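Open the model in your viewer and keep the selection tool at hand. The stops below say what to select next and what is there.

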There are 2 protein chains.
Amino acid sequence: MPDLKYDVLGIGNAIVDVIARAEDDFLVTQKMQKGGMALIDEPRAEAIYDAMGPAVESSGGSAANTIVGVAGFGARAAFVGKVKDDELGRTFAHDIRAAGVSFDTPPASDGPSTARCYVLVTPDGERTMNTYLGAAQDLHPADVDPPQIAAAAITYLEGYLWDPPHAKEAFRKAAKIAHDAGRKVALTLSDAFCVGRYRSEFLDLIKTGTVDLVFANESELKSLYETADFDTAAKVLRGDAKLAVVTRSEKGCVVVSKDAMIEVPAAPIRKMVDATGAGDLFAAGFLFGLARGRDHRTAAQLGAIAAAEVIQHIGARPEVSLKGLAQESGLPV
Amino acid sequence: MPDLKYDVLGIGNAIVDVIARAEDDFLVTQKMQKGGMALIDEPRAEAIYDAMGPAVESSGGSAANTIVGVAGFGARAAFVGKVKDDELGRTFAHDIRAAGVSFDTPPASDGPSTARCYVLVTPDGERTMNTYLGAAQDLHPADVDPPQIAAAAITYLEGYLWDPPHAKEAFRKAAKIAHDAGRKVALTLSDAFCVGRYRSEFLDLIKTGTVDLVFANESELKSLYETADFDTAAKVLRGDAKLAVVTRSEKGCVVVSKDAMIEVPAAPIRKMVDATGAGDLFAAGFLFGLARGRDHRTAAQLGAIAAAEVIQHIGARPEVSLKGLAQESGLPV
């Protein structure tokens, strides 16, 4: 087995978020599904940008946010994802590297521009996302470097990788390399609509053990098993998955394994400002805990404090040291 | 006199902020003067960006922030400033227009890229700025449209306009048009180092009545009169200026006129997260109050609540409706 070089390596769509506040009316007028992630083309991206309010730009991307969170806890982290060699691509690369993450995927020199996600944050703190995948569509299996994957304790993959044409091949390639090297593979289901698009494939990944750990929120879980009943879905998940964590917003999370169903409460917050990145940062804390050999409850507590940090400000990347936060909370780092 | 179309029109450097948190050590290593604004060239801009942590991008520019604040109170506002026709220039234009501000200055089609300010926010909330002026250097008197200036009750100008080569001519042209049309002219001294560069010219603008209203913070005032004693400086200012407001951070502000020296306390805050834009937003509230015919104390209170909003989050543009905040505070809008 090669030397362990990374605690967690993530593969995902490399995206810069363009974030604005919006009233619920705006979502209605723009025919946006509140709380969801819609894929859009470039003309629609421009139309949304023209219509939306003053924005801030911040690097995003679900798995990328998670990996930045893992690094923020003090772990060794790497990311694989495709940007273009343009202004936003340089911004993405700067931000992830400046967070201490190894990021070596070569940028595309031509083709569509770096991916952007137009995020509308309503007064209740909920976020509604519109993603123009751009250069992220060009992630190929060749971008997955076998020695790098084999050197990571956990390879973390996002369900959103099913959207670009070749990224799922990259996903499968990475999962095989990781397992052949005796490593673990984790998957987030990403979004209820994404689950709707790729349900049978995601179920297959879980049931065949292609992934060792699954992250889902309540609506993704319900979408996966096409039921409105949480307990029913959780029970089936327990039969299907080796290990899963279901996040339930302010109700905390449930760690689902063959041995036990462990409920862990959410960390207290003052006010939810922007839900963007809540699930991503929960996964960061949980993965960090696992990589450090903590028990499931402790790992979930680490996830909870990271999620609590990120929803109390605009943007999906932590603004303070997660390591410091964990220490203040008396959690091991 | 032409019809009044705008309550406040601002002229300033059109800049996009690139904001990151930094430890005080970083400022020392990078030889940055804490709390100041330094002008930098493009190689230095790149070196700073490479060295700084993960950042968010948000439209900025001192007078532009003020004008966005004026619009946020519900007033009619316009801005004049130069961007390039590039990605950041489109971002700047989008953000200011989406805030409800008229912005018609044609972008430069060639020459240097849109201006960027690298803002380092230290744990105490203080901000240290490094500005690459780029396309903002190309603001010319021809960008000042006489009928537009004449249609604004107050024309607001930033001292930073003395840095680009032709912007001060634009400044003087605008001031003359405004006065010829029976309008008012306001100036912010911008920065203590900026005052150091252009002290005699700024004093001349004040003493000759080229400006009717001056905004300064404590260190700018002390730099203007080259004294360490606030009371001495305030007394001389009272003799020189028609009307002035001196902001003193958590100590509130003093409105200095021939008739009176009115002290107005700062609005309460929970925590100073990022001081960027404090002075800009104070000016927004005060100018809005004046444009609505409020007394000086009320105008200063409007300034205080706008400043309090902007220092409690990252970035120099308000995140909530200033009109709403004023209403909650029982102030007239």
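A residue is called buried here if 20 or more other C-beta atoms lie within 10 Å of its own, exposed if 12 or fewer, and partly exposed in between, with C-beta atoms placed from the backbone. Helices (H or I, at least four residues) and strands (E, at least two) are DSSP runs, numbered from the N terminus. The model is predicted: local features need pLDDT of at least 70, side-chain atom pairs count only at pLDDT 80 or more, and totals for chains, interfaces and linings use all residues. Residues are numbered from 1 along each chain as its sequence is written, while chains are lettered from A and ligands numbered from 1 in the order in which they are written.

**Stop 1: helix H3 of chain B**

Select residues 62-72 of chain B, which form helix H3. How many of the residues of H3(B) are buried? The count is 11 of its 11 residues, and H3(B) is mostly covered. Among the buried residues are B:Ser62, B:Asn65, B:Ile67 and B:Val70. After H3(B) comes B:Gly74, which has a positive phi near 105 degrees.

To see the contact, show B:Ser62, B:Asn65, B:Thr66, B:Gly69 and B:Val70 on H3(B), and on H10(B) a set including B:Asp280, B:Ala284 and B:Phe288. Two residues are in contact if their C-beta atoms, placed from the backbone, lie within 7 Å. By class, the contact of H3(B) with H10(B) has 6 nonpolar, 5 polar and 1 charged residues. Ala, Val, Leu, Ile, Met, Phe, Trp, Tyr, Cys and Pro count as nonpolar, Asp, Glu, Lys and Arg as charged, and the others, Gly among them, as polar.

**Stop 2: the sheet of chain B**

Next, colour the strands of chain B. An open sheet of 9 strands has the order S6-S5-S1-S9-S10-S11-S12-S13-S14, with mixed pairing; two strands pair if DSSP finds at least two bridges between them. Strand S6 (102-103) and strand S14 (261-264) are at the edges with a single partner strand each, so one side of each has no neighbour in the sheet. H3(B) packs on this sheet, touching S1, S5, S9 and S10 of chain B, and its direction makes about 165 degrees with that of S1(B). Helix H11 (residues 296-310) of chain B also packs on the sheet, where H11 touches S12, S13 and S14, and its direction makes about 35 degrees with that of S14(B).

Within the sheet, select S1(B), in which 6 of 6 residues are buried. S1(B) runs parallel to S9(B), joined by 5 bridges, and B:Tyr6 stands opposite B:Ala152. S1(B) also pairs with S5(B) in the parallel sense over 4 bridges; there B:Ile11 is opposite B:Val80. Further along, S11(B) and S12(B) are parallel over 4 bridges, with B:Phe215 opposite B:Val245.

**Stop 3: single residues**

Go to B:Met37 in strand S3 (residues 37-39) of chain B. B:Met37 counts as buried, with 20 C-beta neighbours inside 10 Å. Beyond four places in sequence, its contacts are B:Met129, B:Thr131, B:Asp191, B:Phe193 and B:Cys194.

B:Lys31 is in the loop between helix H1 (24-29) and S3 of chain B. Is B:Lys31 buried or exposed? With 7 C-beta neighbours inside 10 Å, B:Lys31 is exposed. Its phi is positive, about 55 degrees, although B:Lys31 is not a glycine.

**Stop 4: where the chains meet**

Finally, show both chains. The contact takes 18 residues from chain B and 18 residues from chain A. On the chain B side, strand S4 (56-59) and helix H4 (87-98) are the elements that give two or more residues. That side divides into 7 nonpolar, 5 polar and 6 charged residues. Strand S4 of chain A pairs with S4(B) in the antiparallel sense over 3 bridges, and A:Ser58 has B:Val56 as its bridge partner.

Conventions
Axes fitted to C-alpha atoms, helices over the stretch in contact; angles between N-to-C directions.
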